[in-house]
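Please look at the sequence and the 3D structure shown below before reading on.

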Amino acid sequence: DYGRSEVDPEVDEIIKKEKNRQFRSLELIASENFTSRAVMETVGSCLTNKYSEGLPGKRFYQMGVNVQPLSGSPANFAVYTAILKPHDRIMGLDLPHGGHLSHGFMTAKRRVSGTSIYFESMPYRLDESTGIVDYDMLEKTAALFRPKLIIAGASAYSRDFDYPRMRKIADSVGAFLMMDMAHISGLVAASVVADPFEYCDIVTTTTHKSLRGPRGGMIFFKKDPVNGVELETAINNAVFPGLQGGPHNHTIGGLAVCLKHAQSPEFKAYQRRVVANCKALANRLVELGFELVSGGSDNHLVLVDLRPLGMDGARVEKILDMASITLNKNSVPGDKSALVPGGIRIGTPAMTTRGLREKDFVVVADLIKEGVEITMEAKKLVSGTKLGEFTKLVTSPDFPLKEKVES
Ligand code: PLP
């Protein structure tokens with residue numbers, strides 16, 4: 001048996017480079033984290049060789065769980081497969097307002113995700129003046145659209161969802177209520193944000209974001225029938241044999257290790273730090289004159305609106321990446337273009353794992369400010385050009401601000 005470097009030196013080299021990048025850079029992508037050695041060992045263990053199909057013996061808790069979904073989007077699709085018929089109606093948060101593709105995004109020209117191809121989707125949105133979900137509008141639209149499923153949860157929303165309100169709206173039209181807590185499941189596990197379990201019929205999640213586990217998905221469901229549907233049977237059947245074959249046992253092993261850790265006081269302290277660090281970051285950004293969507297954060301991420309500075313997220317993402325600071329460009333409410341969106345999303349889970357504290361996130365905010373200023377200078381150098389032209393300039397070896405960026 002040969003090791004990776006002998007079998008495939010090219011892949012080996014790529015992984016070494018990526019490891020070095022992860023070690024050197026400031027990782028501020030809100031959906032990323034550094035999982036533990038214990039999880040990595042388990043994911044790379046002999047469980048990867050093992051096939052198994054079906055489910056272990058029955059357990060009796062109020063909320064059941066299926067740990068076999070291969071990731072977050074397949075988990076969501078399994079829920080839809082379980083409780084909806086083709087072309088049934090759903091309502092999720094609009095993608096440009098922070099929602100996720102798998103919640104039913106479509107454009108005027110194209111049904112982009114499988115969810116919008118197989119189901120009829122009417123998004124709800126934020127109130128653009130506050131940056132908070134417009135629950136009044138959701139209520140009015142739901143009364144007209146009569147969805148069968150309402151989805152809470154987001155990829156870029158820095159506030160708690162109002163689960164009691166969403167429960168009321170779902171009940172008023174007889175809809176299921178699902179929460180996709182992919183981004184915040186670590187925070188939910190440590191009770192540092194509002195708890196969706198009390199109000200939702202179904203809760204889905206990825207396992208590799210704030211929860212800090214292996215890449216995978218989980219679906220929690222109420223044990224008692226909802227709207228006449230036995231969720232346990234319907235969801236388990238949708239996962240297998242509906243959509244998947246053999247589960248990834250190595251991932252499930254890694255998830256078990258992660259969930260054991262999630263019960264420790266150390267994990268709870270980590271999640272409290274993720275939120276405290278995010279507040280420190282948000283406060284400093286505001287002090288520095290940045291505008292935040294919704295004005296702040298209750299969780300692990302902030303969304304910065306760069307449009308008041310005449311700047312966009314795509315250019316800032318590019319320059320910061322060159323300075324080994326990784327974060328995402330992100331749409332902000334009212335944006336015209338998804339390719340050149342007006343904001344950036346910054347998350348604290350990964351660097352909190354690396355040991356950064358509140359005072360360090362003040363420095364992170366300062367570095368981001370510097371990056372934005374350099375981006376503004378760079379934009380002036382090629383004023384009036386499109387993103388492609390700008391990228392060419394900043395990545396050319398004689399980019400005049402190269403030294404500044406590197407320092
Ligand atoms: N749901 C939400 C809210 C997400 O943010 C994401 C991914 O970022 C997903 C689902 C999809 O997860 P995956 O990429 O594992 O399919």
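Predicted model: local features only at pLDDT ≥ 70, side-chain atom pairs only at ≥ 80, totals over all residues.

Residues are numbered from 1 along each chain as its sequence is written. Helices (H or I, at least four residues) and strands (E, at least two) are DSSP runs, numbered from the N terminus.

- Thr204 is found in strand S9, which covers residues 202-206, and Thr204 is buried because 30 other C-beta atoms lie within 10 Å.
- A residue counts as buried if 20 or more other C-beta atoms lie within 10 Å of its own, as exposed if 12 or fewer do, and as partly exposed in between, with C-beta atoms placed from the backbone.
- Leaving out residues up to four places away in sequence, Thr204 touches Gly72, Ala75, Asn76, Val79, Met178, Asp180, Gly217, Met218 and Ile219, where contact means that the C-beta atoms of two residues, placed from the backbone, lie within 7 Å.
- Thr204 and Gly54 are 150 residues apart along the chain, and their C-alpha atoms are separated by 20 Å.
- Val372 lies in helix H14, residues 358-381, and it counts as buried because it has 20 C-beta neighbours inside 10 Å.
- Val372 touches Leu306, Leu309, Met311 and Val316, again not counting residues up to four places away in sequence.
- Val372 and Leu320 are 52 residues apart in sequence, and the distance between them in space is 8.1 Å, C-alpha to C-alpha.

**The ligand and its shell**

- The ligand is surrounded by 13 residues, of which the closest are Ser71, Gly72, Ser73, Ser155 and Ala182; a residue is near a molecule if its C-beta atom, placed from the backbone, lies within 6 Å of it.
- By class, the shell around the ligand has two nonpolar, 10 polar and one charged residue, where Ala, Val, Leu, Ile, Met, Phe, Trp, Tyr, Cys and Pro count as nonpolar, Asp, Glu, Lys and Arg as charged, and the others, Gly among them, as polar.

**Helix H6 with helix H7**

- The axes of H6 (residues 135-145) and H7 (residues 163-173) come within 9 Å and cross at roughly 10 degrees, so H6 is roughly parallel to H7.
- Axes are lines fitted to C-alpha atoms, for helices over the stretch in contact, and angles run from 0 to 180 degrees between N-to-C directions.
- Angles under 35 degrees count as roughly parallel, over 145 as roughly antiparallel, 65 to 115 as roughly perpendicular, and the rest as oblique.

**Helix H11 with helix H14**

- The axes of H11 (residues 265-287) and H14 come within 8 Å and cross at roughly 40 degrees, which means that H11 is oblique to H14.
- On the H11 side the contact is made by Ala276, Asn277, Ala280, Leu281, Arg284 and Leu285, and on the H14 side by Glu358, Phe361, Val362, Val364 and Ala365.
- This contact of H11 with H14 has eight nonpolar, one polar and two charged residues.

**Helix H12 with helix H15**

- The axes of H12 (residues 313-322) and H15 (residues 387-395) come within 11 Å and cross at roughly 15 degrees, so H12 is roughly parallel to H15.
- Ala314, Arg315, Lys318, Ile319 and Met322 in H12 meet Leu387, Phe390, Thr391 and Val394 in H15.
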